[in-house]
Amino acid sequence: MQESAPQPKLLDQVRALLRARHYSIRTEHSYVDWIRRYVRFHELRHPRELGPPEISAFLTHLAVEGEVAASTQNQARSALLFLYREVLQIDIPELAEVVAARAPTRIPTVLTREEARLVLAQLSGIHQLIAQLLYGSGLRLIEALRLRIQDLDFAQHEILVRSGKGEKDRRTMLPDRLINPLREHLRGIQELHAEDLRRGFGAVQMPYALERKYPGSEREWRWQFVFPAARLSTDPRSGIVRRHHLNERNIQSAVTSAVRTVGLTKRASCHTFRHSFATHLLEQGYDIRTVQELLGHSDVQTTQLQYTQTNDYLSSTCHRSGQPSTPIEP
């Protein structure tokens, strides 16, 4: 009698299902970490032996003892709901007993046009080009780094953002002044890709395993990253050696250094360029729903809550100082 294959370990089951559902590797690492912490919190008991009271106890502990942010608690909650509903196939009702972490209402940090110009001027090379794109197109940093060659539409002056936050696609503007710098940048990237092909590499990670459906597509120029890494690396999931996109930390560190050099007291980061993009468009007179679509917000109220107060404050400040109300080109 043939013995049945051993059941994969719980975390391996979680990883396998996350990959089958096309979750990002960052989400995979995050979910696995939260599930591991949950099991350890309950003294290594199997999650099948636990239920809503134990989930509530863990999430409440994060809020009360850990004093985590609301977004962090929500991430842990999502990981545990995925574990029970998707992996263990156990229906979990709404967790009404959880003590929710506080979600403070904060006005986003926004740079004035002059501050944005000064910070951008402190950057150079690829870091400057990416930061200009964040400010000129309203992209999140990871959205900019994940751009493929075919996502840049120079003729229509548009950028296609694929699988943005919430797995939604959207289009946003491509500033005129960035077209020539991007074309020049792509010429160098095309030479790098040609060299990779000559060396037997040149493949890139494809979304939704399209390389199986369209063999060879992973080496096509149109699928290459706009901002590839300087070195080849081994994919942690597949073990394939290929060229990934730039690491987020490189540009984050460069922007932080530029902000410090300029002498700004604001806590500005890469994401601040996205906030500044939205606020400056509203100052220029763009409709709130247009800004919502460019940012990729699901609800216009999100855009209103985040930027209306900021826009009112900056507009009054600019009026008092005599500054113009039109945004600068990146």
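Which residues is H245 in contact with, leaving aside its neighbours within four places in sequence? In the predicted model described here, these partners are I142, L145, R146, F225, F227, P228 and A229. H245 itself lies in the loop between strand 5, which spans 241–242, and helix 10, which spans 248–262. With a relative accessible area of 10%, H245 is buried, and its side chain is joined to that of H244 by a polar contact of 3.4 Å.

The chain as a whole comprises 330 residues, of which 43% count as buried, and its secondary structure comes to 13 helices and five strands. The average pLDDT of the chain is 85, and 86% of the residues score at least 70.

Helix 2, formed by residues 25–41, packs against helix 3, formed by residues 52–64, at an angle of about 105° and with the two axes 10 Å apart. Because angles from 65 to 115 degrees count as roughly perpendicular, helix 2 and helix 3 are described as roughly perpendicular to each other. On the side of helix 2 the contact is made by W34, R37, Y38 and F41, and on the side of helix 3 by E54, I55, A57, F58, H61 and L62. Sorted by class, this contact of helix 2 with helix 3 has seven nonpolar residues, one polar residue and two charged residues.

The second pair consists of helix 1, residues 10–20, and helix 4, residues 70–87, whose axes come within 11 Å and cross at roughly 85°. Helix 1 and helix 4 are therefore also roughly perpendicular to each other. Here L10, Q13, V14, L17 and L18 of helix 1 meet F82, L83, E86 and V87 of helix 4. By class, the contact between helix 1 and helix 4 has seven nonpolar residues, together with one polar and one charged residue.

The loop between helix 3 and helix 4 holds both G66 and E67. G66 is partly exposed, with a relative accessible area of 43%, whereas E67 is exposed, with a relative accessible area of 67%. The C-alpha atoms of G66 and A101 are 9.7 Å apart in space, while the two residues are 35 residues apart in sequence. E67 has a positive phi of about 50°, although it is not a glycine. A positive phi, in this case of about 60°, is also found at Q89, which is likewise not a glycine. Q89 has its place in the loop between helix 4 and helix 5, the latter spanning 113–122, and Q89 is exposed, with a relative accessible area of 60%.

Attention then turns to a further loop residue, D235, which lies between strand 4, at 233–234, and strand 5. D235 has a relative accessibility of 12% and so counts as buried, the cut-off for this class being under 20%. Apart from neighbours within four places in sequence, D235 is in contact with Q205, I240 and R242. Of these partners, R242 is joined to D235 by a polar contact of 2.9 Å between the two side chains, and Q205 is 30 residues away from D235 in sequence, with a C-alpha to C-alpha distance of 8.5 Å.

A buried position within a helix is provided by Q292, which lies in helix 12, residues 288–295, and has a relative accessible area of 10%. When residues up to four places away in sequence are not counted, Q292 touches H297, S298, D299, V300 and T303.

Terms used: Residues numbered from 1 in each chain as written. Predicted model: local features only at pLDDT ≥ 70, side-chain atom pairs only at ≥ 80, totals over all residues. Heavy atoms only, no water. Axes fitted to C-alpha atoms, helices over the stretch in contact; angles between N-to-C directions. Helix = DSSP H or I, 4+ residues; strand = E, 2+ residues; numbered from the N terminus. Parallel < 35°, antiparallel > 145°, perpendicular 65-115°, else oblique. Contact = heavy atoms within 4.5 Å. Nonpolar A, V, L, I, M, F, W, Y, C, P; charged D, E, K, R; others polar. pLDDT = per-residue confidence, 0-100. Buried < 20%, exposed > 50% of the residue type's maximum accessible area, 1.4 Å probe, protein only. Polar contact = N/O pair within 3.5 Å; in protein donor to acceptor, adjacent residues only side chain to side chain.
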